[in-house]
Amino acid sequence: MSVKTKRVTVYFEPDVHTALRLKSAETEKSVSDIVNEAVQILLSEDADDLDDIKARVNEPTVSFENFLTDMKARGRL
């Protein structure tokens with residue numbers, strides 16, 4: 001199944017662009033494919049993070065101030 005793609009202009013720092021071109025030549029993948037895979041990985045990680053947040057929504061929270069106070073009381077600071 002062919003996926004319809006969208007064209008976009010992206011600006012890379014010169015060293016990043018060079019690295020992408022070299023990786024493209026070495027792996028025989030297009031720069032577009034490499035960037036697309038990298039973005040999909042990042043989005044997948046974001047989705048995993050959101051799932052983790054949802055799973056922990058009912059966990060109690062502790063403020064930074066209370067945590068430090070507790071550490072001090074336990075002799076950890």
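**Surface, bridges and a pocket**

Tutor: To start, Val 62, Phe 64, Phe 67, Leu 68 and Leu 77 make a nonpolar surface patch of about 540 Å². Accessible areas come from the Shrake-Rupley method with a 1.4 Å probe, and for residues only the protein chains shown count as cover. Before you ask away: this is a predicted model, where local features need pLDDT of at least 70, side-chain atom pairs count only at pLDDT 80 or more, and totals for chains, interfaces and linings use all residues. Residues are numbered from 1 along each chain as its sequence is written, and side-chain values use heavy atoms, with hydrogens and water left out.

Student: Which helix is the place of Phe 67?
Tutor: Phe 67 is one of the patch residues. Patches take residues with over 30% relative accessible area and no salt bridge, joining like charges within 9 Å and nonpolar side chains (Val, Leu, Ile, Met, Phe, Trp, Tyr) within 5 Å. Phe 67 has a relative accessible area of 42%, so it is partly exposed. Helices (H or I, at least four residues) and strands (E, at least two) are DSSP runs numbered from the N terminus, and the one holding Phe 67, residues 64-73, is helix H3.

Student: Is Lys 29 exposed, partly exposed or buried?
Tutor: Buried means under 20% relative accessible area, exposed over 50%, and partly exposed in between (1.4 Å probe, protein chains only). Lys 29 comes out at 34%, so the word for Lys 29 is partly exposed.

Student: Which helix gives the largest share of the lining of the largest pocket?
Tutor: A pocket is found on a 1 Å grid over the protein atoms alone: an open set of points where a 1.4 Å probe fits, with protein on both sides within 12 Å along at least five of seven lines, and lining residues have an atom within 4 Å of a point. The largest pocket holds about 440 Å³ of space. Of its 14 lining residues, the closest to the centre are Lys 6, Val 8, Val 10, Ser 32 and Val 35. The largest share, 6 residues, comes from residues 31-55, helix H2.

Student: What is the phi of Glu 28?
Tutor: Most residues other than glycine have a negative phi. Glu 28 sits in the loop between helix H1 (14-27) and H2, and at 74% relative accessibility it counts as exposed. Glu 28 is not a glycine, yet its phi is positive, about 60°.

Student: How far apart in space are Ser 30 and Asp 48?
Tutor: Ser 30 is also in the loop between H1 and H2, and its 32% relative accessibility makes it partly exposed. Ser 30 and Asp 48 are 18 residues apart in sequence, and from C-alpha to C-alpha their separation in space is 27 Å.

Terms used
Grid points are joined across faces, edges and corners, and a volume is the space filled by probe spheres set on the points. A salt bridge is a side-chain nitrogen of Lys or Arg within 4 Å of a carboxyl oxygen of Asp or Glu.
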